[in-house]
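Colleague: Please take one loop of this model and look at it closely. Then follow the chain from there into the parts around it, in plain terms.

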Amino acid sequence: MVNQRRPDGSLRHLITLDGLARPELEKLLQRAQGYVCLPGSQPRMNQRLAGITIGNLFTEPSTRTRVSFELAGRRLGAEVVNLEVQLSSQMKGETMLDTIRTLESLHFDMFVIRDSQAGVVAHVADNVAAHVSVLSAGEAHVSHPTQGLLDALTVLQHKGERFDRLTLAVVGDIRHSRVARSAYEAFTGLGIGELRLIAPEGLMPQPGEFPRGVRFSTPEDGLQGCDIVMMLRIQKERMQAAAIPDGGDYFQHFGLDRRRLQLAKPDAIVMHPQPMNRGIEIDDEVADGRQSVIRDQVRNGVAVRMAVLEQVARPRPLRA
Amino acid sequence: MVNQRRPDGSLRHLITLDGLARPELEKLLQRAQGYVCLPGSQPRMNQRLAGITIGNLFTEPSTRTRVSFELAGRRLGAEVVNLEVQLSSQMKGETMLDTIRTLESLHFDMFVIRDSQAGVVAHVADNVAAHVSVLSAGEAHVSHPTQGLLDALTVLQHKGERFDRLTLAVVGDIRHSRVARSAYEAFTGLGIGELRLIAPEGLMPQPGEFPRGVRFSTPEDGLQGCDIVMMLRIQKERMQAAAIPDGGDYFQHFGLDRRRLQLAKPDAIVMHPQPMNRGIEIDDEVADGRQSVIRDQVRNGVAVRMAVLEQVARPRPLRA
Amino acid sequence: MVNQRRPDGSLRHLITLDGLARPELEKLLQRAQGYVCLPGSQPRMNQRLAGITIGNLFTEPSTRTRVSFELAGRRLGAEVVNLEVQLSSQMKGETMLDTIRTLESLHFDMFVIRDSQAGVVAHVADNVAAHVSVLSAGEAHVSHPTQGLLDALTVLQHKGERFDRLTLAVVGDIRHSRVARSAYEAFTGLGIGELRLIAPEGLMPQPGEFPRGVRFSTPEDGLQGCDIVMMLRIQKERMQAAAIPDGGDYFQHFGLDRRRLQLAKPDAIVMHPQPMNRGIEIDDEVADGRQSVIRDQVRNGVAVRMAVLEQVARPRPLRA
């Protein structure tokens, strides 16, 4: 596992939430809460990252996450540069590491990386100069730490800080989901009361993964009495693997509609990392309904990323 | 028709010039004129949009319009973020509306949208939160309101404010042109004396469209005594539709050269929205000649967009 | 040859280093040295280019050069806009010149251009308005002046200012290399003692080019006693042209490894413009070794570009 801390124990990178102690998670959420603002109001801005240059390296497309990191950095006064590294480097055969060293020499202080290949983010973090921080913006099926934090912040806002009294159900393609893995780390780290995994056999994670998760094969069983229902996006190409009995469609067996949601507590909240496949894993009535906090999740994304950027930034040496 | 006003009657969106009263148009042009600056001089800048975040959504390529909106926003102190929404969203099957809601939750205050599909811009405007403004940067063949305004500003600068004394001739592929439609709305709104449409039959708009336009089938007839000659770009794939008699080429019948321009008044000005097909709808001598105000149009584009951005922005609630 | 000076003799464009006198080169390097900063320290920033708008036109992909120009401009307070001109213009058939005129009218003060076609940069410079400067960011095989300057700055830092005592060996595909041509101009301009060209026959420049260069057909002959070894990138598609005898691979005959490097002086430095083909023109041990100054070259790139941007910028007329 990658060491994401400085010798003094402070957080230098954020590649996984695994290993973050509860007070550390709570401090990040508290800091993020200070950056949350209402729609239409002036966004929070300061100059705490003035002089810092952040490079966004997204080798997978992502409007939402890229833009929210970009806005988070700019609203803290940093320079943010989008780097199309895949295009320009891979075309010339330059290795990832030479690219990183090159960017480092251009005086980038932080890299925000999204990559479809497991291990790339950690590989970069292991090789950059001591003053550079690396933040994962989503890594293969493995990890999406700022998503885990924004999910936790959303729950905190709606359900308060007594996570031990809450039951969270994660529903869908858990096996291939970085969102589910980071949610698991965030919520177990915060002491969630119960964490349920609801998925067809073919999309359930391997035995041994998600050790504290209680597994259910149908929403009818798993949603009973839940406080939080977290729906996951299902890729069309994986529905086959879901091996739904009788060839029925995915929504019929695992999609969230009003009827299924009524199995959860009356004040249960509904989450989705987006983009949604409406009509496949969730229907419009629930997605846009009273219990949906999906838009809050997006709004919290900028706040959480501001908190993380500020957390990993450190005082810099005076000019040489 | 989309309602582009706030309850108090002020302009919230700019999707069409249709419905803008003459004083409203004149006020926008006056404000824009204040942002015009000479080549080589320091561009006008202020901080009136500080704290405002603008998202550029261009689903059609456009260097000129995208960059001029980007510069306009930045020169007013706004954050401007280019969003490649088509790429990243459509690839995942996310609906346009979910994308807009997502971006809204990231605290965008304005969206500048160019789209090749009629109705998309209005659809977005109808669905965004109350504090968000939507500006069209060109919509299918329907509308390009800031182009209409910059054309009007260019005429104002060269011909003065007595629009009722002027004759404008629009020449070329009027049927498929958003530029022509917005020019029609701008100049009829400002009380143009006479507005002529010159096009081959196949490129003339449907009967009923452009009701105040006087139709001519040849430049020889239509250009007589004009004050303003507005040439339109002809797409190569539409020349067939132009059904030029005898299979002759487009320039021979509808292109603007010195000889044809002499039919207009001696001080007539020549306009073109660019990019030009030199040698097809206009020749070099005229495009680069003394009567051409084509470069003024581009320069005025930034000024007009600054005026529009400032116009639709409104005082914001204090921080929550 | 393009005239890149103003009537008063000051540098307006930077398209080639050819014709820059030694004091002029030295002044640029001195100014650049003032912008060099240590990794991890706060980058040098000021507001000397506030109000200036710079357009990056890269029609070839280039992460390193584009980003270093972008950061250089921003760290001097300029607005920097990346323009995907090739995409949006060529698709519509707009000519290069109309595009440039259009961008000029948007109040760009400087264009930074990379193009794969020889002559395009000079063509633009010959045609822009008097207040606009044009900087080459790499032109076909012809010229890459800021690369020449950063190479010279790197040598200056490691070897001091007595260029006349130094021997520089350039190794590889010199024939097709803009890096080699600009290095030749920079180092002969600074009075280098000896400049050697080491290449297989098929990659040696035409007779008459590089007149002061001493030609060697093997590294074994050419590297003897050198102070600086500048390796060039070899394109895979040109290895055929290298016509290596016996069909052996390129590295075997022209690649730099520890054994060959020992032919140079013990304190010789190794340079490479990047991206490297590790294992083809250079091996890992040398690329990452004690004598390598490759990362310094990248770091110096931002400083040199800041110096050049500042140099060509000129006081602007008061507002109209």
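Modeller: Setting aside residues within four places in sequence, Val142(A) is in contact with Ala118(A), Arg178(A) and Arg181(A). Keep in mind that this is a predicted model.

Is Val142(A) buried or partly exposed? Its count is 19 C-beta neighbours inside 10 Å, so Val142(A) is classed as partly exposed. A residue needs 20 or more such neighbours to be called buried. For a sense of distance, take Arg5(A): Val142(A) is 137 residues from Arg5(A) in sequence, and their C-alpha atoms are 19 Å apart in space.

Now place this loop in the domain layout. Chain A is divided into domain 1, made of 22-143 + 299-312, and domain 2, which covers 145-294. The contact between them uses 20 residues from domain 1 of chain A and 18 residues from domain 2 of chain A. On the side of domain 1 of chain A that touches domain 2 of chain A, at least two residues each come from α1 (22-33), β4 and α13 (294-312) of chain A. With six residues, α1(A) gives the most to that side of domain 1. By type, the residues on this side of domain 1 are nine nonpolar, seven polar and four charged. The C-alpha centres of domain 1 and domain 2 of chain A are 26 Å apart.

His176(A) lies in the loop between β5 and α7 (178-189) of chain A. With residues up to four places away in sequence left out, His176(A) touches His141(A) and Arg238(A). Arg238(A) is 62 residues from His176(A) in sequence, yet their C-alpha atoms are 9.2 Å apart in space. His176(A) has 19 C-beta neighbours inside 10 Å and therefore counts as partly exposed.

Strands of a sheet pair through backbone hydrogen bonds, either parallel or antiparallel.

Start with β5(A). Five of its five residues are buried, so to speak a mostly covered strand. On one side of β5(A) are Thr167(A), Ala169(A) and Val171(A), on the other are Leu168(A) and Val170(A), and both faces are covered. On one flank, β5(A) pairs in the parallel sense with strand β6 (residues 194-198) of chain A over five bridges. Within that pairing, Val171(A) stands opposite Ile198(A) in β6(A).

Strand β5 (residues 167-171) of chain A also runs parallel to β8(A), and four bridges join the two. Here Ala169(A) stands opposite Val229(A), and Val171(A) has Met231(A) as its bridge partner in β8(A).

What about the residues of strand β8 (residues 228-231) of chain A: buried or exposed? Ile228(A) and Met230(A) point one way, Val229(A) and Met231(A) point the other way, and all are buried. β8(A) then passes the pairing on to strand β9 (residues 269-271) of chain A, with three bridges and a parallel run. One of the facing pairs is Met230(A) with Met271(A) in β9(A).

Last, the chain as a whole. Chain A contains 13 helices and nine strands. Its radius of gyration is 20 Å, close to the 20 Å that the globule rule gives for 320 residues, so chain A is as compact as a globular protein of that length. The C-alpha trace spans about 65 × 40 × 35 Å along its principal axes. Of the 320 residues, 54% count as buried. Among contacts with a separation of 6 or more, 78% join residues 24 or more positions apart.

Notes: Residues numbered from 1 in each chain as written. Chains lettered and ligands numbered in written order. Predicted model: local features only at pLDDT ≥ 70, side-chain atom pairs only at ≥ 80, totals over all residues. Rg over C-alpha atoms; globule rule 2.2 N^0.38 Å. Buried ≥ 20, exposed ≤ 12 C-beta atoms within 10 Å, placed from the backbone. Contact = placed C-beta atoms within 7 Å. Domains from an automatic or database assignment. Nonpolar A, V, L, I, M, F, W, Y, C, P; charged D, E, K, R; others polar. Pairing = 2+ DSSP bridges.
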